[in-house]
Amino acid sequence: MSAARLRTGLTLLGIIAGVMGVIVLAGFSHGTSNAFYERLAPMSGALSIAKKSTPGQQGGGPVMPLTEGDAAALADPEAAKNYHSVTAYRTGSAVLRDGEKEWTLGIVGVNGPYLMAENRTMQSGRMFTEQEERDRAKVIAVSTDVVEYFFNKDDNAAINSYIRIGRIPMKIVGVFKESGDDVVMPLSTARPLMAGNDMLNTIKMIASSPEQWDQAETDIKKVLDERHGIPKSKQRDYSISDMPTLVERVKHLMNVLAIAITVLAGICLLVGAVGIANMMLITVAHRTNEIGVRRAVGARRGAILKQFMLESTIIAGIGGIFGAIFGVAAVLISQRLLPRYLPDFPTPELSIPATIVAFGVSLLIGLVAGSYPALRACRLKPIDALRY
């Protein structure tokens, strides 16, 4: 090993890269999965109602829009026994202006517990109040993208500042932490900006528990069927999203992603195994004469076998140790840097089982990859080896 330092070092790099790759990929896979589950878990009981773009089937009449009256009827305590947090949405677009800067963005008018419905929190400031919604206050909450564009990422400069939507000055009272709608305002404030009627794009609510999702859907259909005069289910002019099914689909996709990452990590280790096997085969070829001398003075085949297998295992073990150290360090450094520079990117999480498995597999690779070269070495006849 010391006589062929370059060859040994390159082989070590293969194992280090393989083990480090396993730990880093497992960390990012773990972090991505947990980030998705944390975001989707509170929404597993969410229901979202939207109008259909075409009439109902089998003789359905014209499509009736969702209205603020529908949202009020759904929020009635008599109807809302299996769900809560009814939030009405009206969406559109407008030009935001601040001095010479302008940006066309989507705007959302809401009436209800928007933060709960969207699972968002405030990074700075606050959300507008129910009183401000009743008073048609010209206040808005914005995303970090808006703050970055108009206020150079300075939340303090954005809060309580005014920005024009169209020609109307709006006061910024809060900045959202999570990504989502860029500009959110009270529904009563948004109404004049959007044709002035009481039509809605979406109504969202949350089932009291995931188990009550089906009953909550039944209650919603009962209220809306009566208000829209719908005699048959196939004539409904609205649709209810199936969030539990969506959550399950996302979980399935995350499982597929985890399997794909595991396969990729396995390929990384396989490359290291090929490197060790190749190096040991070259070593056997270069040291054939040495093997012949040892066999001639009485060394048994088992001693030759142990020598070469020990060498390959030591190389794999050293590579596994350094790979584990570098892999853990990469994950820990990413945990500190990513939230600062890439806040929307999922933060990796160190997986101790993956670290242990990666190191154990590196030792196993040393044994397996060194087995064939070691067998070739121990099977050489002394007279043939001495002639080499």
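The legends below describe close-up views of a predicted model.

**View 1. The largest pocket and the residues around its centre.**
The largest pocket has a volume of about 1,100 Å³. Its lining is made of 30 residues, and those closest to the centre are Lys-177, Glu-178, Pro-343, Asp-344 and Phe-345. Three helices, α1 (5–40), α5 (144–151) and α11, each supply at least two residues of this lining. The most comes from α1, which gives seven residues to the lining of the largest pocket. Sorted by class, the lining of the largest pocket holds 11 charged, 10 nonpolar and nine polar residues.

**View 2. The second largest pocket.**
The volume of the second largest pocket is about 370 Å³. A total of 18 residues line the second largest pocket, and Ala-26, Ser-29, Ala-258, Thr-262 and Ala-354 are the closest to its centre. At least two lining residues of the second largest pocket come from each of α1, α9 (243–286) and α12 (352–378). Which classes make up this lining? In the second largest pocket there are 11 nonpolar and seven polar residues, and no charged residues.

**View 3. A nonpolar patch on the surface.**
Eight residues, Met-1, Leu-310, Ile-314, Ile-318, Ile-321, Phe-322, Ile-325 and Phe-326, form a nonpolar patch on the surface. Together they have about 690 Å² of accessible area. One of these residues, Ile-321, lies in helix α11, which covers residues 301–341. Ile-321 counts as partly exposed because its relative accessibility is 43%, between the limits of 20% and 50%.

**View 4. The salt bridge between Arg-227 and Asp-70.**
Side chains of opposite charge can pair when their charged atoms come close. The model has eight salt bridges by the rule used here, and one of them joins Arg-227 to Asp-70. The closest N and O atoms of Arg-227 and Asp-70 are 2.5 Å apart. The two residues belong to distant parts of the chain, 157 residues apart: Arg-227 is in helix α8 (residues 213–228) and Asp-70 is in helix α2 (residues 68–75).

**View 5. The salt bridge between Glu-102 and Arg-97.**
Glu-102 and Arg-97 meet through their side chains in a salt bridge, with an N to O distance of 3.3 Å. Glu-102 is partly exposed, with 45% relative accessibility. Arg-97 is also partly exposed, with a relative accessible area of 33%.

**View 6. The salt bridge between Lys-204 and Glu-118.**
Lys-204 forms a salt bridge with Glu-118, and 2.6 Å separates their closest N and O atoms. This pair links distant parts of the chain, 86 residues apart, with Lys-204 in strand β11 (residues 202–207) and Glu-118 in helix α3 (residues 114–118). Lys-204 has a relative accessible area of 21% and is therefore partly exposed. Glu-118 is buried, at 13% relative accessibility. The two residues fall into separate classes because buried means under 20% relative accessible area.

**View 7. Thr-129 and Val-139.**
Thr-129 sits in the loop between β5 (122–125) and α4 (130–134). With a relative accessibility of 36%, Thr-129 counts as partly exposed. Thr-129 and Val-139 are 10 residues apart along the chain, and their C-alpha atoms are separated by 9.7 Å.

**View 8. Positive phi at Ser-85.**
Ser-85 is not a glycine, although it has a positive phi of about 55°. The residue Ser-85 is part of strand β3 (residues 83–98). At 15% relative accessibility, Ser-85 is buried.

**View 9. Positive phi at Arg-136.**
Arg-136, not a glycine either, has a positive phi of about 55°. Where is Arg-136 found? Arg-136 is in the loop between α4 and β6 (139–142). Arg-136 counts as exposed because its relative accessibility is 52%, and exposed means over 50%.

Key. Residues numbered from 1 in each chain as written. Predicted model: local features only at pLDDT ≥ 70, side-chain atom pairs only at ≥ 80, totals over all residues. Heavy atoms only, no water. Patch = residues over 30% accessible without salt bridge, like charges linked within 9 Å, V, L, I, M, F, W, Y side chains within 5 Å. Areas by Shrake-Rupley, 256 points an atom, 1.4 Å probe, with all protein chains shown as cover. Salt bridge = Lys/Arg side-chain N within 4 Å of Asp/Glu carboxyl O. Helix = DSSP H or I, 4+ residues; strand = E, 2+ residues; numbered from the N terminus. Buried < 20%, exposed > 50% of the residue type's maximum accessible area, 1.4 Å probe, protein only. 1 Å grid on protein atoms, 1.4 Å probe; cavity = no way out; pocket = protein on both sides within 12 Å on 5 of 7 lines; lining within 4 Å. Points joined across faces, edges and corners; volume = space filled by probe spheres on them. Nonpolar A, V, L, I, M, F, W, Y, C, P; charged D, E, K, R; others polar.
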